[in-house]
Amino acid sequence: MSTVHYAVIDGIAVLTIDNPPVNALGEEVWTAVDTAVARAVADPAATAIVLTGAGRTFVAGADITVFEQLTTVERAMERSAYTHAMLCRLEDSAKPLVAAIHGHALGGGLELALACHYRVATPDARLGQPEVSLGIIPGAGGTQRLPRLCGVDVALRLCTTGTPLDAAAALAAHLVDLVVDGDLLQGARQFAGERASAQARRPTRELPIPADSIPAGLEACRQARNAVAPGPANRAVLAAIESVENGVTLPFDAGSVRERELFAECVVSTESRALRHLFFAERDAARLPSLPDGVTPRTVARAAVVGAGTMGSGIAMVFANAGIPVLLKDVDDATLDRSLATIRGTYDSAVQKGRLTPEGAERTLALITPVTTYEQFGDVDLVVEAVFEDLALKTRTFAELAGVTAADCILATNTSVLDVDTLAKASGRPAQVVGHHYFSPAHLMSLHEIVRGRQTSPAVVAASLTLARRLGKVPVVVGNAFGFVANRMLAYYLREAHLLLEEGASVRQIDAAMTTFGFPVGPFAMQDIAGLDVGARIRQHLRSTGRRRSEGPQSEIPDRLFELGRYGQKTGAGWYRYEPGSRTPLSDPIIDDLAHEAAKRRRIVRRDITDEEIVSRVTTALANEGCNVLGDRIARRASDIDVVYCHGFGFPRHRGGPMFHAQTIGLPTVLSRVQEYEARFGDYWRPSPLLEKLVTEGRTSIDG
Ligand code: 3H9
């Protein structure tokens, strides 16, 4: 069966692209559209043509999976030359051709709509060129047709930010011609019929760019280019700017040839492969487990949070921001008042920055109900426990929760260190208990670890995943082991950063090496932001239970800083020092003194360390420990670890995450680095058995 359905209704040919779930354009779909338009043009029963999408969306873009086949620039050029010619054929249609857009018109989907003569859309439609988020540029005429239709500014914004426009903004930008409030297809048919009666056709590529807008357009391109740092991370953005600029300075055909070249260079790049890997990794991580027939995951209509400290308050905001009413419980009014004042302050600042209207802030705030008792807990679908990180307190809380909530209420713990199974046991209904590990600040951080206890039911995992997506989080299901995935990996990352400092690198050098690699902040600046007291308290807890955060020597410096009251930005000093009211990190000689003392105690002769060694030590530690995490079955896939580290700690997305990055370097190279470090530094650098096995088997990919 064709992926494009053909019907003639009231003299208008209606072509419906039907390729679930999002009508992505694979080769077969492009061809089917081409064939259907040719048929409509030749059909005497049709005076005009409407192109639409079946299901929940118009077209979400070219089929991203197909890009894996575009392994050479020549192949990619060939593929996009076919698309280019096909879209020009569509645009040459002798009958008015109207795109009827609902849901999304993204990437190749928008480019398809741009090749139509007109566009009509539902009020909730979204139109955009998100290619840069996949490390590519529009490769089917987007950078050439958009400036002709909407001007250079809008074209630049769409192609360089990837952020879509809603229908109202698209109308204002002349990207759509009509927003249809009622029945989209009826509105589109009427619009197309009127164009046919007026014998109107408006091929986008024939539109002139107004001569007087060209100097300003070129200036906008120049400014956009100056604002972007050159380098592989920004390859696609720079290519998009060049291509939009060509849309202004070159004839359509010449600009299109260069667009195809730039698209091809981007699509074969490692950066684009990495970003495409993450696109699918994020969706794989959020995939629901299969459930027995008749079991549906619980929908969370009302929630409660126990503990109104920093985490609890942040989590309550996450629910309220998603429109879910939430009870926020703590022991006394004073604590709740403090929490609500902080929450209000956050919303006030969002209003001041124009991110929220005053009414929106009040509405959201009203969804949070402070309580000091469990009285209303019988009505909630989910409780998130966020009390102080103390096993006895949490155990008691879970026992209490079992007595005050409905039997099928989901009981989640936000612990980052404690054993979820112990809490599950305390509740007396372990199938309902799950870890919901948010990251601080909860309302800003996207990562959400969902911790599967030994007895957590698949339905509770599924409900947690569905909820997390509704809350705008990126969920990853992880096993119940110390540190889960994120904090376990972090421990190895920080271990190496701290040891490199003792061995001779400076805090500033290590941070700079990691930001040059692509992290938004280096490991030391990150700790100053998060607060050094958090890690110190976890270490204290571990010492009391005879455990440690990672294999290998643990630097003493973080504990020394804690003892000195240097908790980071909040105390004006941590790994760096800060002037009052400033967040600019300033080097502090005290750190060098501490590093010298630590080196002396460990009998290390400090030395010059290269930036390459810093990056290699840190990323190799992550990759090796990532393999251990997989071997221990704490993560289900290497790609889950990539999602965790990119969203939790800012691993550069254009490198795809620590495990994808290891594959890019080559697993044998990673193994030989581990072996070299083992020989140099000691057996805590033992190669992961999984890494050794993968290399022995000659595997190039960890997930297979
Ligand atoms: C492009 O167009 C290049 C052009 O210039 C042409 C060059 C020649 N391809 O996200 P969801 C799958 S580049 C293949 O969970 P939502 C997705 O993997 C493309 N598959 O739903 C998932 O599969 P599964 C530019 C795709 O409602 C399922 O659809 N376009 C594609 O939360 C549902 O997706 C983009 O970058 C695709 N293009 O969000 C847009 N899109 O069920 C990418 C989705 O097996 N897509 N899938 O896990 C999106 O941003 C979101 O999917 C969308 C819906 C907002 C549309």
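Trainee: How many bridges join strand 4 to strand 6, and do the two run parallel or antiparallel?

Mentor: Strands here are DSSP runs of E with at least two residues, helices are runs of H or I with at least four residues, and both are numbered from the N terminus. Two strands pair if DSSP finds at least two bridges between them. Strand 4 (residues 97-101) and strand 6 (residues 118-121) are joined by four bridges and run parallel. Ala-100, for instance, has Val-120 in strand 6 as its bridge partner. This is a predicted model, in which local features need pLDDT of at least 70 and side-chain atom pairs count only at pLDDT 80 or more, while totals for chains, interfaces and linings use all residues. Residues are numbered from 1 along each chain as its sequence is written, and side-chain values use heavy atoms, with hydrogens and water left out.

Trainee: What is the strand order of the open sheet of six strands?

Mentor: The order is 1-2-3-4-6-9, with mixed pairing. Strand 1 (4-9) and strand 9 (178-179) are the edges, each pairing on one side only.

Trainee: Which strands form the open sheet of three?

Mentor: That sheet has the order 5-7-8, and its pairing is mixed too. Strand 7 (residues 126-128) runs antiparallel to strand 8, with two bridges between them. Leu-127 stands opposite Leu-165 of strand 8.

Trainee: Which residues come nearest to the ligand?

Mentor: A residue counts as near if one of its heavy atoms lies within 4 Å of the molecule. There are 27 residues around the ligand, and Arg-56, Ala-62, Gly-108, Glu-111 and Arg-283 come nearest. Strand 5 (104-106), helix 3 (108-114) and helix 11 (270-285) each supply at least two residues of this shell. Helix 11 gives the largest share, three residues.

Trainee: How do the residues of that shell divide into nonpolar, polar and charged?

Mentor: Ala, Val, Leu, Ile, Met, Phe, Trp, Tyr, Cys and Pro count as nonpolar, Asp, Glu, Lys and Arg as charged, and the others, Gly among them, as polar. The shell has 15 nonpolar, five polar and seven charged residues.

Trainee: What distances separate oxygen atoms of the ligand from the side chains of Glu-111 and Arg-283?

Mentor: A polar contact is a pair of N or O atoms within 3.5 Å; within protein, one must be able to donate a hydrogen and the other to accept it, and residues adjacent in sequence count only if both atoms are side-chain atoms. An N or O atom in the side chain of Glu-111 is 2.7 Å from a ligand oxygen, and the value for Arg-283 is 2.7 Å. For Arg-287, a polar side-chain atom lies 3.1 Å from an oxygen of the ligand. The protein covers 79% of the 1000 Å² of accessible area that the ligand has on its own; such areas come from the Shrake-Rupley method with a 1.4 Å probe, and for residues only the protein chains shown count as cover.
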